[in-house]
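The tour below goes from one selection to the next.

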Amino acid sequence: MDLPPGFLTDYNSDRSFDFLAALRYFPATEEEDNGISAHEDGNCITFVIQDGVGGLEVLNDDGDWVPAEPVEGSIIVNLGDVIQVLSNNKLKSATHRVVRKPVHRHSFVFFFNIHGAKWIEPLPEFTAKIGEAARYRGFVYNEYMQLRMRNKTHPPARPEDVVHITHYAI
């Protein structure tokens, strides 16, 4: 991002909003193979360590699902919505999903989050300093996360009413 080392410290200095999850996916059945539906991460950065089974898929620009094949010793890095906004759309939050396989799948996922009360908006390095208009209006991070949670607890009747980061697009 061509920003000073440690610039994210201003967004998460005490790390109390981060969390680690150990996930276990049961084997797929003939009727069901959905592990986690397609989504983007609302946080800053997500680190994924997956076993050798696979199942993580990423949506490419052509609309095709591409398997993120397991590579021993590797860590998958997903950029979240916060990085998309900070970079003014220069870096994108990856749409991804997990498809269950015929055997158990395990993964560890670390979510690098933002302080809930932090104001999020495109950084000047991606807007004013290079003569580009902001593509997002600013917002308080925990308000966005509350809207995302409401998507799950009270799903909107119409798909167009589901809140994504584009809710803040200008």
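Rings of Phe, Tyr and Trp (its six-membered ring) pair if their centres lie within 6.5 Å; planes under 30 degrees apart count as stacked, over 60 as edge-to-face and the rest as tilted. By that rule the structure holds 5 aromatic pairs.

Select F47 and F110. The ring centres of F47 and F110 are 6.3 Å apart and the planes stand at 35°, so this pair is tilted. The two residues come from distant parts of the chain, 63 residues apart: F47 is in strand β3 and F110 in strand β8 (residues 105-112). Strands (E, at least two residues) are DSSP runs, numbered from the N terminus.

Before moving on, note the source of the coordinates. This is a predicted model, in which local features need pLDDT of at least 70 and side-chain atom pairs count only at pLDDT 80 or more, while totals for chains, interfaces and linings use all residues. Residues are numbered from 1 along each chain as its sequence is written, and side-chain values use heavy atoms, with hydrogens and water left out.

Stay on F47 and display its strand, β3, which covers residues 45-50. Which residues does F47 touch, not counting those up to four places away in sequence? They are I75, I76, V77, F108, V109 and F110, where contact means heavy atoms within 4.5 Å.

Next, select F139, Y144 and Y168, which ring pairs link into a cluster.

Note on methods:
Helix = DSSP H or I, 4+ residues; strand = E, 2+ residues; numbered from the N terminus.
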